[in-house]
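Open your viewer and get your selection tool ready. We will take a short walk through one model, stop by stop.

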Amino acid sequence: MRAALTLALAVGLLLAAPLPARATTWGPAQVECPLCGHDNAFERPMSYGSYIYRWPSRFQLIFWPATEGRSLYACSSCRLTCFMWDWQQRITAEHHARLREVLADVTLPAADSYRKVPILDRLAVAEKVYEVVGLDPVTRCRLYRTVGYHAAKQGQAERARAARQRALDLARALADDPAQAAEAKEHRVVVACLLRLLGDADGARAALDAAAGLKLAGDDAARAQGRTEYLDELIADLRKRLDAGDLSDDAPARDDH
Ligand SMILES: [Zn+2]
């Protein structure tokens, strides 16, 4: 009985074992362009898990699917380009006229699939689109971090550096903004992540020291506590990388789809 129970437990544990690290999956999606109405053949996530928060992109505080080119939709007709989660939400009627003007001057390489249009070309158009629709500083900072991530992955060190410097300026202002006090811990970790990637180890350490004593706040106390613990773990991991003299990009083998 005891052996059977042990076996059942072992099988149960095996079944409950985490899926392989790259177990995110995508499926086809026909998506209408909110600007021109063209019916585009895109893809959308079908499955993923909390393991995405353990992947190396966490050292830049950006997460799948932003790390994957498939999440950046580009209309094959009017060239409207933005992340899939903004496709309907941010491209509202008030912006249509200005977007058409901006996109009239835009070119993208021809391709039989949006995924084959180089990610950095799509991001360049997306930056113009986001300038029109307007982003709050937190989202803008994340956009520039994402540009930095993809530029570094494509070997475009200067473009990565420029994007990260813009993100750093925003993150520093957010970290010092009293209205952002509830999120100051995360903003300071973002500052540390960016300083590390920009080669300033001492500055990164100082930002981590400032972040370590803070706690996130919010109406959902349990969620704030969970995010605080996640950031504390990340702070410890970042300190290890700094102590090892590792200022590198994250060689994102596991989220390099
Ligand atoms: Zn379109």
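Start by selecting residues 1-17, where pLDDT stays under 50. This is a predicted model, and over this stretch it has zero contacts beyond four places in sequence. Now jump to residues 252-257, where the pLDDT is also below 50. Here the model does have 15 contacts beyond near neighbours in sequence. Where pLDDT is low, the predicted coordinates should not be read in detail. For the protein chain as a whole, the mean pLDDT is 90, and 88% of the residues reach 70 or more.

**Stop two: a pair of helices**

Two packed helices are described by the angle between their axes and the distance between the axes. Keep that in mind as you select helix α2 (residues 96-104) together with helix α3 (residues 119-133). Their axes come within 10 Å and cross at roughly 155 degrees. An angle over 145 degrees counts as roughly antiparallel, so that is how α2 runs relative to α3. The crossing of these two helices, α2 and α3, is right-handed.

Which residues make the contact? Show the side chains of Arg98, Leu99 and Val102 on α2, then those of Lys128, Val129 and Val132 on α3. Sorted by class, the residues in this contact of α2 with α3 are four nonpolar, two charged and no polar.

**Stop three: a single residue**

Next, find helix α4 (residues 137-153) and click on Ala151, which lies in it. Is Ala151 buried or exposed? Ala151 has 22 other C-beta atoms within 10 Å, so it is buried; the cut-off for that is 20 or more.

To see some of its surroundings, highlight Leu120, Gln156, Arg159, Ala160 and Ala163: Ala151 is in contact with these, leaving aside neighbours within four places in sequence. Then draw a distance from the C-alpha of Ala151 to the C-alpha of Ala162. The two are eleven residues apart in sequence and 9.9 Å apart in space.

**Last stop: another pair of helices**

Finally, select helix α7 (residues 201-212) and helix α8 (residues 221-243). They pack at an angle of about 160 degrees, with their axes 11 Å apart, and are therefore roughly antiparallel to each other. The crossing of α7 and α8 is left-handed.

On α7, the contact is made by Ala201, Ala204, Arg205, Leu208, Ala211 and Ala212. Across from them on α8, look for Ile235, Leu238, Arg239 and Leu242. This contact of α7 with α8 has eight nonpolar residues, two charged ones and no polar ones.

Note on methods:
Residues are numbered from 1 along each chain as its sequence is written. This is a predicted model: local features need pLDDT of at least 70, side-chain atom pairs count only at pLDDT 80 or more; totals for chains, interfaces and linings use all residues. Axes are lines fitted to C-alpha atoms, for helices over the stretch in contact, and angles run from 0 to 180 degrees between N-to-C directions. Helices (H or I, at least four residues) and strands (E, at least two) are DSSP runs, numbered from the N terminus. Angles under 35 degrees count as roughly parallel, over 145 as roughly antiparallel, 65 to 115 as roughly perpendicular and the rest as oblique. A crossing is left-handed if the near helix is turned anticlockwise from the far one by less than a right angle, and right-handed if clockwise. Two residues are in contact if their C-beta atoms, placed from the backbone, lie within 7 Å. Ala, Val, Leu, Ile, Met, Phe, Trp, Tyr, Cys and Pro count as nonpolar, Asp, Glu, Lys and Arg as charged, and the others, Gly among them, as polar. A residue is buried if 20 or more other C-beta atoms lie within 10 Å of its own, exposed if 12 or fewer, and partly exposed in between; C-beta atoms are placed from the backbone. pLDDT is the predictor's confidence in each residue, from 0 to 100.
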